[in-house]
Structures are given as C-alpha cells and as structure tokens.
Amino acid sequence: MDPLWLTLAFLLGLGARFINLPPLVGFLAAGFVLQAMGVEGGPTLERLADIGVQLMLFGIGLKLKVRSLLRPEVWATTVIHMAASIAFFAALFLWLSRAGGGPFAGLGVGQSLLLGFALSFSSTVFVVKILEEQGASAALYGRIAVGILIVQDIAAVVFLTFASGKVPSWWALALIAGLPLIRWACMRIMDRTGHGELVVLLGITLALVVGAGLFELVGLKPDLGALVIGLLVANHPKAGEVSKSLLSFKDVFLVGFFLSIGLSGEPTRQALVVGLCLLPVILLKGPLYHVLLTRFSLRARTSFLSSMALTNYSEFGLIVGALAVRNGWLDPMWLTAMAIAVALSFVVAAPLNGAALRIFGALRQTLVRFESRRVHPEERPVDIGAPTVIVVGMGRVGQGAYDWLRERYGDVLIGTDIKTSAVEANRKAGRNVFLGDATDRELLERLRRSDGGKTRLILLTLGHQANLRVLRMARDMGYAGRLVAVARYEDEVTELLGAGADAAFNLFLDAGAGFAEHAEKELRKGGDCRWIDELCERAGN
C-alpha cells in the first residue's frame, strides 16, 4: 500500500473523529478521493482487504457460540428479513423498469431478484466496528446483530460457491469430516504456545493458514474457513488472549478494505444517481428488523439497537454484484452504484448508531407497543435488592475489586455483567452476580426505584465508551452516589472525570503502584525491615 494512501486515510480518519464520526467514514472518503485522483486499487490492496476481513471473521468466531445461531430470534429473523427484502427490492426494480426506464430499463425478474439478494445483506465489517467502538460487542443486542450477520454471510457463501461454477473438490468433504481432528490439533498447539509474540503468530496462522488457506485449497470460501476455525477453538482458555492480540492487525488491514470500497468503481453520473436512490431504502430495514425481533420476545430497546446496527448495506452485496457482472448477469454500472450505496449507507448509519440511545428515548412510547407479552430469558427482571456497592463488569478487574470489597466490608455488594457465561462462572465462584446491561437506562431506573437511594458506590470496569455511556446516563438520571471508573490511558481518565466520574484510575499506572505496595507489605512480613523504615524517613515519609 502506497504511503500516500495511508497518510490520506489517517488524515481523513482523524478528521472524521473530530466531527464525532467513526474513523472508518474517513477511510471510505479516502478511497473516493484516491479514485478521483485516478488511483487504482489493484491485487495488493484487494489482498490486504481480504486479510482484514478474514482476521475479523476469525475474531468473531472466537467470541461466538454456535448455539446462539440456532436461536429463533437469530436464524428465523434472518430468513424472514432476507426473504422480505429480496421480494421488496425485486418488486421495486421491476416496477421502475416498467415505469421509469433509464438505468432500470430492461431489468428482468432474475436480475431484479439478484439485486434484491445483494442488497438484503447488512455489513459484518461495519457492524462489528461500531459495536467495538461502543463497547457493546457482548451486549445482547450486539450478539443478536452479529448472529444475524453470520447467518447472512453463510447464505452469501453458499450462493457464491454455487453461482461461481467452482464446485468444491471431493477433498472438501474430507476437510469437513476432519474438522474434529483439526480442532484437537489446534487446541493442543494453543496449550503449548505460551504468551507474547507467539500468540500473535498463532492467531494469524490459525486464521489465514489453517482456516482461510485450507478452505480455499479445497474450493471453499476462505472467509468461511477463518470463521469456522475461530468457532472450533472458541472454548479454549487462550481464545480471548488470541483475539486481543489480533485487534491492531485486524484494524490496520481493514483500512485496506474501506479504501477498496471507495476504489471499487468510477462513480459515473448514472451510477451516482442509482446509488443515491438506493440510499433512503435502507431506512426501511430497521423497522422490519424491530418488528421481527420483538415477535421473538425481545424488549423494544434490544430490538431497536440491533435494528439500528443492521441498517446499512453490505460488502457481501458488492461481492455478489462483482460475480454477477463477471458472469454477464448485470451491467457493470450496477456494481459501481452498489459500491456508492454501500459507502453512503456507512456514512449515514455511523451517526445514527452514535445517537441510537437518544433516538430510542424519543421514540420509546411508540416502539414499546411492538413488544410481546412473553419476555426473553435474558431480559427477565431480576430482584437485585438494595446493595451498597455495585461492580459493573465482572471480568478480571471486576472480580478483583469485588473480592477485595467483600473481604473488607462483607456482603453489601453485587456484580453485574452482560455475558451469561461470565455470570455463571462468577456465581460458581460464590459471588452475587446477576445478568444485566448497565448501559440500559431501564436497568438503572429499576435499581433507583428498588434501592431507595441506598447504593453509595458504583464501580465501572467496562470498556471506555461503555463506561462513558453509563456515567452520563447515571448523572442525567440524578444518581447522587459515587461513580468510579477504570481507564487505560490518561486522556481517558480526563474524559471520564469530565463525564461525571468522582474518580478514574489508570489500570496500568495504578496496577504498578498496587504491586509496589503489595511488595512492601510482603517485605515487612519477612523479618528485618529497619532498612525500609530508614528509607521512608530519608524520603520524609
């Protein structure tokens, strides 16, 4: 990738951040600027983009449970929504073909159905990036959105496999039959990898060689291979460490993906008009998702946030369109038009997702009318009592804080986490932890009603964006107790304090101070500690 491309992507990504848009919007803009300058993507950029997508899908697999795809709110919603979208788009294109002519003239039933199929997908890359930036990947609405995307991607892979005329070899059956053996081998290797740079190479090897490489070798989609291998090793204790080690690599390679969208075709006037015409139609995706998800017993808030995340067009639509153009099924203009529609849908969807909670608050009275009388098991109200202290986020930091506070003050606290697996593990360890999303305003309102103002302290150990959302929400609701949050960087500490935190602690700096304090205590237990007292006196302590 040319240094100019990287520089332009960085500057426009930084510009997007300055106006409170995700950097990926700036990367898309950089692609369009480069295209206007006459730059062509080429195979190198395409390969970088492919690597980014494969690493991303591998990371999704590491966090995804196969059984979550079998839930009706995931697979049934996907099937119904895709069928309805295909029918709607096909009918719209056929009507425009008969009535308006122009770029739509001559579209037949088969072409209209194909375009409808391409436009029925939502973008896995965009949604995963948005969820990561919001700290909502593990929230129920985030998991449902990702599950729907995976089912869509599987449908796309099946279509591409058969439509390309590239029939998988017989070795594909052998590969599928041998997946248990591959899983066993991968798990044993992960046991012996240790930590450090080997973990990074392990993740890249599993994703690009074992997953994408083997699947491509037998005629299957490499993206699917990366996802499958991630799913196979997701239960290994080191899966989280592998996923974290690949984050920076994945983000860098995905810059190539967003640049490639902007460089995917020359935006002629006709293609630009069609792309702009397709843009408003994405606003119909969200309401349909919302209605379907509420039919499967999900609350209005969860359904709405999932729907907002899925309100966009997908890069898979471009892949389907490229195959259709290559096979002569569609005019090349449609590929460029779809590329414009995909890019613009990201530009529109990014600020909408940023304001999703405010939009839900404004429309809440209307949206809750679609709720079912039944309640999803993960959204049933829980009696949390009236705790003095609440620890939000029961990962390693949350567990350490919970155990220290309980040992010092007794059972006056509770923990909360959005992951069912984390709640179950903490309960087995004897901690009083319940399932709940702290970024859910209704949860905070329920707590305020039930505890009568007895909660004195809330500790936030979530990701930075999620911590900010909880802080602002709690202060807006008039919570008068103490709010303390963790951070990884000093600028995050400043931002948390500005959002209403009474204190914010840099994990790395404070961990070092805690380690030194612990070391001094252990030294004092060891016997002669006069030299420590002498040092303290010399330092004026």
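Is Ile19 buried or exposed? Ile19 counts as exposed because its relative accessibility is 59% (exposed means over 50%, buried under 20%, partly exposed in between, with a 1.4 Å probe and protein chains only). The model is predicted, so local features need pLDDT of at least 70 and side-chain atom pairs count only at pLDDT 80 or more, while totals for chains, interfaces and linings use all residues. Residues are numbered from 1 along each chain as its sequence is written, and side-chain values use heavy atoms, leaving out hydrogens and water.

Ile19 sits in the loop between α1 (3–18) and α2 (23–36) (helices are DSSP runs of H or I with at least four residues, strands runs of E with at least two, numbered from the N terminus). Together with Phe10, Leu11, Leu14 and Phe18, Ile19 makes up a nonpolar surface patch with about 560 Å² of accessible area (Shrake-Rupley method, 1.4 Å probe). Patch members have over 30% relative accessible area and no salt bridge, with nonpolar side chains joined within 5 Å and like charges within 9 Å; a salt bridge puts a Lys or Arg side-chain nitrogen within 4 Å of an Asp or Glu carboxyl oxygen.

Now for the strands. Five of the six residues of β5 (residues 482–487) are buried. Strand β4 (residues 457–460) runs parallel to β5, joined by four bridges (pairing takes at least two DSSP bridges), and Leu459 stands opposite Val484. On the other pairing, β5 and β6 (residues 503–506) are also parallel, over four bridges, with Val486 opposite Phe505.

As for the cysteines, Cys186 is buried at 5% relative accessibility, whereas Cys277 is partly exposed at 42%.
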